[in-house]
Amino acid sequence: MFQPDDLNVYFICGTQDIPAHRTIHEVLTEALKAGITMYQFREKGPRAQTGDAKKELAQSLKQLCHDYHVPFIVNDDVALAEAIDADGIHVGQDDAKVDTFKTHFKDKIIGLSVGNETELAQSDLTDVDYIGVGPIYKTGSKNDASEPVGTQMIETLYEKTNGMPIVAIGGIALNNVAPIAQTHAQGVSVISAIAQSSNIEATVHNFVQYFK
């Protein structure tokens, strides 16, 4: 069952985000031990796993998350999320529409990316548990990322959705998270700030402090 606090420190990661000398299992284990509150499996890009290898990887990472009682979310891939009985799915504006798969995800977590008021107007939030708002800052983790919308967009969309749970995403690091913590965002989604950290435990602990 989704709780807004699940969004506090929301780690997004796939094999493409991991430093060459590490494995995704090592990185995720450290992040889980340190206190991330939700994990999204986002396996995309030229180096990403596909097919059965991707499915097996997702299953093993889901089990790892469940060992720490942390929800496991799949990015975009509805078929995979269904096949491995993930805890939920997160889709973007250009991915599958929620109403095309919502019946298969009853009692599951559904997240939707909403970058601005135009996208909000085009989105049916009836079955959505939370929205990911961003990119807040410029990000290098997504090649197709839009222009930064800034922290004010969090407040705008919070108001227009009557207080829907919001997680901020895009270019977020420890040196720029403070302004986000002053908004109505429930938490932050981060990729490289944790995946590329030389001290994951300290990094996660610092993020947690902002959203206690």
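Select N162 to begin, which is found in the loop between α6 (152–160) and β7 (166–169), where helices (H or I, at least four residues) and strands (E, at least two) are DSSP runs numbered from the N terminus. The model is a predicted one, in which local features need pLDDT of at least 70 and side-chain atom pairs count only at pLDDT 80 or more, while totals for chains, interfaces and linings use all residues. Residues are numbered from 1 along each chain as its sequence is written, and side-chain values use heavy atoms, with hydrogens and water left out.

The phi of N162 is near 55 degrees, a positive value in a residue other than glycine. N162 counts as exposed because its relative accessibility is 75% (buried is under 20% relative accessible area, exposed over 50%, partly exposed in between, with a 1.4 Å probe and protein chains only).

H69 is not a glycine, yet has a positive phi of about 60 degrees, and it counts as exposed at 73% relative accessibility.

Then select G134 and P135, which are joined by a cis peptide bond with omega of about 5 degrees; P135 lies in the loop between β6 (130–133) and α6.

Finally, show α1 (residues 24–34) together with α2, which pack with their axes 10 Å apart at an angle of about 20 degrees (axes are lines fitted to C-alpha atoms, for helices over the stretch in contact, and angles run from 0 to 180 degrees between N-to-C directions). To see the contact, meaning heavy atoms within 4.5 Å, select I24, H25, L28, T29 and L32 of α1 with L57, S60, L61, L64 and C65 of α2.
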